[in-house]
Amino acid sequence: MGVMEKIKEIEAEMARTQKNKATNYHLGTLKAKLAKLRNDLLIEQGGGGGGGRKSDFPRLTNSRHFVLLPTTLFNPCTMYKVTVLIKPSEGFDVARLGDARVALIGFPSVGKSTLQGSLTGTESEAAAYEFTTLTCIPGTMHYKGSKVQVLDLPGIIEGAAHGKGRGREVIACARNADAILIVLDAGKEGLNRHREILENELETVGIRLNQRPPDVTFKKKSTGGVRFSSTVPLTKLGPEPEKLATQIMREYRITSADLLAREDITVDQLVDVIVGNRLQLPVIAAVTSSSHSILHPNHQICSDITELNAPLQLPLSYFYNKIDTITIEEVDQLARMPHSLVGSVAKGYNVGAPDEDDPLKAMIWKYLGLTRVYTKRKGQHPDLTDPVVLSAIRKGTSVKSLCQNVSTQMLRDFNFALVWGQSAKHSPQRCGINHELQDEDVVQIVTKTNAQQRQSKNYQAIVQGVSDKYHKKKFDAKKKKQSKLRG
């Protein structure tokens with residue numbers, strides 16, 4: 001029996017099993033087996049040099065593999081069928097640039113390329129047929145002094161998590177993003193359930209949408225057995241949480257570990273902690289449209305954005321495009337869905353030009369958790385033209401993160417910081433390295449004096465490192481000069 005058959009068998013057994021306290025242990029074991037099989041399936045498909053399973057990509061030459069697109073394309077000018085051959089990994093290795101990265105995911109022909117052009121000004125091919133975009137196309141969105149990299153990814157179809165339609169490459173590229181913007185067609189959402197399908201595909205590959213990591217400490221050991229403890233009552237793991245956790249660990253061949261739960265977690269969260277390769281992504285949703293206008297171009301329709309008290313590792317939001325193709329009642333229903341924004345790229349609803357402020361850019365900024373910090377030198381005015389942009393998803397928004405972004409030497413010689421702004425109780429406030437900054441704060445970093453640096457424990461190592469670096473530079477310059485004279 002293959003991996004796919006085992007997965008289908010377990011899913012069928014879970015579907016016919018009643019959910020109650022008596023079956024909670026059995027369901028938890030099935031979920032652990034299902035997660036393990038899905039992970040094994042992804043590893044199996046990842047073999048053969050990153051191009052999927054070897055049987056999926058026929059060898060056309062000695063060193064190159066090609067893959068056929070899942071759907072035959074049509075040339076609208078000649079009306080002939082066109083078959084396109086693409087290398088499996090070509091066009092998806094994009095350098096990470098800017099302060100954050102957002103990936104656009106959606107079904108074919110929902111307006112992702114047009115939306116990227118409105119956000120970044122990047123010219124991307126857009127046409128009235130599916131699979132116009134075949135590779136990852138990057139662009140840069142400039143907003144509030146920050147640079148956000150926006151990736152236009154090819155459309156995916158149902159079954160993308162298992163490799164259909166280059167879906168594995170698209171999802172792998174999205175896993176490296178700081179947030180995901182799912183673009184949906186408002187006119188097709190009511191019948192096709194595209195939102196539900198895309199959520200299932202991302203969940204299958206271990207991407208948790210708009211979820212914070214559970215407050216659980218898990219540490220593997222070589223000996224000692226399994227020690228399970230919790231600081232709160234665990235009501236979602238059945239009458240015997242320790243027995244369930246031990247059984248799940250056995251599925252992954254873990255016989256010795258320490259697990260401490262500080263919140264009431266579910267079976268899925270427990271499996272994610274044990275597996276350890278899950279991503280919590282912020283997601284933004286949006287809906288688009290392109291025909292009959294029903295709204296004024298300046299009219300803004302926004303759903304309530306859930307407050308993010310703690311940073312999400314991978315935020316997800318939904319943008320419903322082409323809202324001018326549906327009724328105002330349907331627009332209102334979509335706008336009330338969580339983490340969602342409705343609009344129309346063609347009509348300019350909630351989406352403006354690259355240099356304009358609009359609700360979609362503001363929503364992306366909020367879900368990314370970006371913070372602008374202005375630096376100040378002693379005795380001078382702060383530089384308000386070039387802020388340092390910190391990300392709550394990447395390195396955090398503390399004073400320590402600011403020092404890491406400016407200079408590692410500043411972090412080494414840090415003494416204290418003077419902060420002006422919303423995060424300060426009074427202006428200026430003397431703060432330590434773990435002080436959390438807020439948007440548009442002004443910070444002056446005060447480094448240690450020479451006398452304070454001499455009292456540090458690693459002063460001798462620092463002096464020796466600087467001396468070695470100086471002598472190495474001097475020796476390289478001398479060697480370069482001698483080679484020129486000989487030449």
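Arg412 is partly exposed in this predicted model, with a relative accessible area of 36%. Its salt-bridge partner is Asp413, at 3.1 Å from N to O. Asp413 is buried, and its relative accessible area is 9%. Elsewhere, salt bridges that share partners join Arg96, Asp178 and Arg394 into one network. The count for the model comes to 14 salt bridges.

Three of these pairs are set out below.

| Pair | Closest N and O atoms |
|---|---|
| Arg195 and Glu199 | 3.4 Å |
| Asp439 and Arg372 | 2.9 Å |

**A pair within one helix**

Arg195 and Glu199 both belong to helix α6, which covers residues 194–204. They are four residues apart, so about one helical turn separates them. Arg195 is buried, at 8% relative accessible area. Glu199 is partly exposed, at 23% relative accessibility. The cut-off for buried is under 20%.

**A pair across the sequence**

Asp439 forms a salt bridge with Arg372. Asp439 sits in the loop between β20 (429–431) and β21 (441–447). Arg372 lies in strand β17, residues 370–375. The pair therefore ties together parts that are 67 residues apart in sequence. Arg372 is buried, with a relative accessible area of 10%. Asp439 counts as partly exposed, at 24% relative accessibility.

**Helix α1**

Helix α1 runs over residues 3–16 and has 14 residues. From its first C-alpha to its last, α1 reaches 20 Å. That is close to the 20 Å expected at 1.5 Å a residue. Ile7, Ile10 and Met14 are buried in α1. These three cover an arc of only 70° around the axis, so they fall on the same side of α1. Lys8, Ala15 and Arg16 are exposed on the other side of α1.

**Nonpolar cores**

In soluble globular proteins, nonpolar side chains tend to be buried together. The largest nonpolar core here holds 58 residues. The members that touch the most other members are Leu115, Leu153, Leu181, Leu202, Phe319, Leu360 and Leu368. A second core is separate and has 21 residues. Its members include Phe228, Leu237, Leu259 and Val267.

Conventions. Residues numbered from 1 in each chain as written. Predicted model: local features only at pLDDT ≥ 70, side-chain atom pairs only at ≥ 80, totals over all residues. Heavy atoms only, no water. Core = buried A, V, L, I, M, F, W, Y, C linked by side-chain atoms within 4.5 Å. Buried < 20%, exposed > 50% of the residue type's maximum accessible area, 1.4 Å probe, protein only. Helix = DSSP H or I, 4+ residues; strand = E, 2+ residues; numbered from the N terminus. Expected span 1.5 Å × (residues − 1). Arc of directions from axis to C-beta. Salt bridge = Lys/Arg side-chain N within 4 Å of Asp/Glu carboxyl O.
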